[in-house]
Amino acid sequence: MARISTPPPQSFDLGRVFFWIIVTLTAAALPVYLPGGLRATITTAPLLAAVFDPGLSNPFGACWVAFVGTFELRDLRGEPKWYGTFFNKAEMVLSTFAAWLVWAATDALVRKDDPFSIVAQIVAVGGTFAIANNGLSLVVTSVRTSTPLSRIWAVSISKIAIGLVSQVPLGWLMAEVADKVGQWAAILFMVPLLLARYSFSKYAETRDLFYGTVSALSQAVDAKDGFTRGHADRVSRIAGAIARELGVSEREIEQIELAGLLHDIGKIGVEDRILMKPSRLEPDEQELMRRHPIYGASILEPSAALRPLVPIVLHHHENFDGSGYPEGLKGAEIPLGSRILLVADTYEAMTSDRIYRKAPGHDKAIEQLHKYRGTQFDPKIVRALEACIQRRGQTSFEVSDLPPINYETLAELRRRLARDPVVRDAHAG
Ligand SMILES: [Fe+2]
């Protein structure tokens with residue numbers, strides 16, 4: 001900044017620099033928080049407009065717009081810490097400077113009467129800005145939230161890519177209109193920018209709503225099943241970690257994680273006297289219990305968003321050697337997600353405490369998985385789980401973001417009532 005500002009260029013138009021700073025400040029005041037911890041803003045368009053504006057004596061003007069225009073209220077409140085703000089500013093100024101370098105390098109080649117060369121310049125300048133700006137944010141968010149880059153890409157950037165890319169031509173148009181028609185007219189471009197922002201926020205909102213509903217359903221099943229809170233959540237995390245270890249695509253990992261949350265949803269259709277029975281199930285009761293994957297599949301089937309989980313949930317009790325249920329599939333016939341869930345479910349069940357017993361623990365769980373690999377479990381998946389635990393440690397799947405349970409689960413209540421039945425109040429009916 002010092003290098004491009006001392007001495008300041010003589011020909012710059014201070015009013016114009018202020019104009020773009022105000023437009024950028026307005027855009028920066030409206031960030032959207034996306035899944036994966038990324039923040040999306042609509043500052044790309046005004047910053048590129050500053051790069052394309054010939055009246056700013058660039059790179060001087062554009063870099064100052066990037067520095068001052070991207071201040072937000074949270075910076076003044078001291079969140080993030082000063083080094084976070086410093087990094088954000090450096091990122092903005094550097095990506096704007098990089099975009100200007102490309103503009104300066106290509107400007108001599110652009111012929112004003114050749115639309116092709118103008119579009120090529122817009123693509124080169126916008127592409128440089130987008131890659132420098134989003135690339136740095138992506139890496140920092142990934143380190144800060146310990147989320148793999150591929151995941152942030154899949155759940156955030158790929159879903160709002162059109163909104164992000166559309167800001168590039170808008171930036172050029174804003175500069176052209178400000179130059180040829182007047183600055184007031186450039187403000188009209190805030191309307192499509194706000195539309196892009198609206199699409200970001202709608203995506204984030206819809207995803208939150210979807211995950212909130214799935215999580216509520218999964219906790220309802222945990223409560224009915226007598227598990228302590230967070231069983232399905234842990235199964236989901238373990239299954240996701242195994243899937244990632246196996247190099248499965250992000251889309252499939254997400255489906256496996258969702259299936260982990262909802263794998264036992266079919267237990268809603270199993271009678272409580274069977275589900276809660278403290279002793280061994282009779283053969284006919286076992287038969288009814290074994291229907292829960294089928295009930296689960298039919299509960300999920302009508303929802304378009306949950307339909308891809310149907311095969312995973314339907315086969316989550318199939319054994320590797322074909323001795324499982326409901327269809328007795330074997331080996332690779334069983335969906336990969338189902339094979340992963342069986343291992344994750346077994347490991348989770350043996351490493352977390354239950355209302356009625358302490359956890360057998362990690363060593364016993366691994367012993368069990370080894371004993372039945374090749375018969376019940378896919379050996380490849382057992383190996384992947386072991387590799388995961390070796391790298392991340394045994395406590396890596398602990399649920400930390402769920403508040404402790406503060407209500408009596410249905411299973412606890414039933415057990416208590418069985419021990420000391422409530423004396424019925426004659427008036428209560
Ligand atoms: Fe199950």
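Q: What share of the 429 residues in the chain is buried?
A: In this predicted model, buried residues make up 46% of the 429 residues.

Q: What makes Asp264 count as buried?
A: Its relative accessibility is 6%. Buried means under 20%, so Asp264 falls in that class.

Q: Why is His292 called buried?
A: The value for His292 is 2% relative accessibility. The cut-off is under 20%, therefore His292 counts as buried.

Q: Which residues coordinate the iron ion, and how do you know that they are donors?
A: The iron ion is coordinated by Asp264 through OD and by His292, His316 and His317 through NE2, at 2.1 to 2.3 Å. Donors are N, O and S atoms within 2.8 Å of the metal, so these atoms qualify.

Q: Why is the site of the iron ion called irregular?
A: The angles among its four donor atoms run from 84 to 175 degrees.

Q: How are the donor residues of the iron ion spaced in sequence?
A: The spacing is D-x27-H-x23-H-H. Asp264 and His292 are 28 residues apart and link distant parts of the chain. Asp264 lies in the loop between helix H12 (250-262) and helix H13 (272-275), whereas His292 is in helix H15 (residues 292-300).

Q: What makes up the secondary structure of the chain?
A: The chain has 20 helices and two strands.

How values were computed:
Residues numbered from 1 in each chain as written. Predicted model: local features only at pLDDT ≥ 70, side-chain atom pairs only at ≥ 80, totals over all residues. Heavy atoms only, no water. Helix = DSSP H or I, 4+ residues; strand = E, 2+ residues; numbered from the N terminus. Buried < 20%, exposed > 50% of the residue type's maximum accessible area, 1.4 Å probe, protein only. Donors = N, O, S within 2.8 Å, 3.2 Å for Na, K, Ca; no water. Tetrahedral: all angles 85-135°; square planar, octahedral: opposite > 155°, others 65-115°.
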